[in-house]
Amino acid sequence: MESNTMFSGSMQKFFSLITFLFIFSISSAQNKFGNPEVDPIQIQKTYESWSAYQNKNIMLSRDFTPLDFSSKEISKETFLDQLANGNFIPIRLKSETAVYVYKLFKIQPKTDTSIKATINQIGFDAYKNYKMEGTAFPPFSFKDLNGNLVTNESMKGKIIVIKCWYIHCAPCIREFPQVNKLVAEYKDRKDIVFISLAEDSSEQLKTFLARKPLSYSVIPDMKEYMNDSLQLNSFPTHFILNKEGIIAKVLPNFESLEVALAKESKL
C-alpha cells in the first residue's frame, strides 16, 4: 500500500512538472517578442489617445513581424486583412529601435466606434498597397513641367521614386521640406530618379511651386491616371520602383519612404 502511495505521489509530481513545462513553453513563445509598448486597453479609452499613438508608432508599410492576437506569427497579408475586416488594433511590442513587431489586440466592446472605423480604413489601404508590391508599375509616358519626356523605357535601369499628390492636400505639402532634403541626399546617385504625379494643371502648379518649391520632376494633369491606373484614394502615396520597373514599395508618408529608399538603394 505504501509503495503504491509513493508511486502515485511520484506520478502526480511528474505530471505537475510536465504541465508546468508546457505552460512555461507557451508563455515563453508568447513573450519572446517582448511586451506591448503601451497598454492595449488604456490606449483605446479615447480616439485622441489611439490616433496619437497610431500616427507615431504604427507604420504598416514597413517590414515587420506580424503576430495574431494569440502571439502566433502570421503573414503580413493575413495581418493586414484582419485589420481591414476584423475587430483588432495593432500594437507594437517592445524591441530594438530598428526592429518592428506588431501584434493584434481585440477592440474592447465599449471602445469608440470611430477607432475601429479608422483602423479598418488604414488596414484596407495598407492591404491594397501591399498587394501592389512585386507587380509591374502601369505603363507611362509623361511630360513634366519643363517639357521633358518620362517613359518606362527611358527609366530602365534606374530606381524611381514617385510622389502622388495635389495642391490642396495638406499632408502632401507638409512633407515638401523632408522630400526635398531626401532628393539632396541622393543627388550623386545618377541611378535614382525622383518624379511626382500631381492632379493639378500646369498653370496651377507653376504658380503654386513658385511659392513652395518641390525638388522632384513634376508631372501635371495626372488625376485620371492616378484614379484609373493606380486606383489611389489616399494622398500622399509614394512608390519606389526597382531597376526592373517593379513596384518595390508603396508608402503613405515620408517617414516610411526614407527607410524604404535607404534599403532599396543598397540592393
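## Packing of helix H2

In this predicted model, the buried residues of H2 pack against S2, S3 and H4. The residues concerned are Trp50, Ser51, Tyr53, Gln54 and Asn57. They lie on the same side of H2, because the arc that they cover around the axis is only 170 degrees. The other side of H2 carries Glu48, Ala52, Asn55 and Lys56, which are exposed. As a general rule, an α-helix has 3.6 residues a turn, so residues three or four places apart point the same way.

Asn57 is a residue of helix H2. Is Asn57 buried or exposed? Its relative accessible area is 18%, and a residue counts as buried under 20%, so Asn57 is buried. Leaving aside residues up to four places away in sequence, Asn57 touches Glu37, Arg92, Tyr100 and Tyr102.

Strands S1 (65-67), S2 (88-92) and S3 (101-106) form an open sheet of 3 strands in the order S1-S3-S2, with mixed pairing. S1 and S2 are the edge strands; each has a single partner strand, so one side of each lacks a neighbour in the sheet. On average, and with direction ignored, neighbouring strands of this sheet are turned by 25 degrees against each other. Helix H2 (residues 47-57) packs on the sheet and touches S2 and S3. The direction of H2 makes about 55 degrees with that of S2.

The pairing of S1 with S3 is parallel and extends over 3 bridges. Within S3, Tyr102 is the bridge partner of Pro66, and Lys103 is the bridge partner of Leu67. S2 and S3, by contrast, run antiparallel and are joined by 5 bridges; Pro90 stands opposite Leu104 in S3. Of the 6 residues of S3, 5 are buried, so this strand is largely enclosed by the rest of the structure. In a regular strand, side chains alternate between the two faces of the sheet.

## Helix H3 and its crossing with H4

The axes of helix H3 (residues 76-85) and helix H4 (residues 113-132) come within 6 Å and cross at roughly 150 degrees. The crossing of H3 past H4 is left-handed. On the H3 side, the contact is made by Lys76, Glu77, Leu80, Asp81, Leu83, Ala84 and Asn85. H4 contributes Ile119, Asn120, Gly123, Phe124, Ala126, Tyr127, Tyr130 and Lys131. Classified by residue type, the contact of H3 with H4 comprises 8 nonpolar, 3 polar and 4 charged residues.

Which residues of H3 are buried? They are Lys76, Phe79, Leu80, Leu83 and Ala84. These residues lie on the same side of H3, because they cover an arc of only 135 degrees around the axis. The elements that cover the buried residues of H3 include S1, S2, S3, H4 and strand S10 (247-251).

Strand S9 (residues 237-241) and S10 run antiparallel and are joined by 4 bridges. Phe239 stands opposite Val250 in S10. The hairpin of S9 and S10 has 5 residues between the strands, and in this hairpin Gly245 takes a positive phi near 80 degrees. As 4 of the 5 residues of S10 are buried, this strand is largely enclosed by the rest of the structure.

Pro252 lies in the loop between S10 and helix H9 (254-264). With a relative accessible area of 37%, Pro252 is partly exposed. Ser61, Pro236 and His238 are the residues that Pro252 touches, not counting those up to four places away in sequence. Pro252 and Cys172 are 80 residues apart along the chain, and their C-alpha atoms are separated by 9.9 Å.

Conventions:
Residues numbered from 1 in each chain as written. Predicted model: local features only at pLDDT ≥ 70, side-chain atom pairs only at ≥ 80, totals over all residues. Heavy atoms only, no water. Axes fitted to C-alpha atoms, helices over the stretch in contact; angles between N-to-C directions. Helix = DSSP H or I, 4+ residues; strand = E, 2+ residues; numbered from the N terminus. Left-handed = near helix turned anticlockwise from the far one by under 90°. Contact = heavy atoms within 4.5 Å. Nonpolar A, V, L, I, M, F, W, Y, C, P; charged D, E, K, R; others polar. Buried < 20%, exposed > 50% of the residue type's maximum accessible area, 1.4 Å probe, protein only. Arc of directions from axis to C-beta. Pairing = 2+ DSSP bridges.
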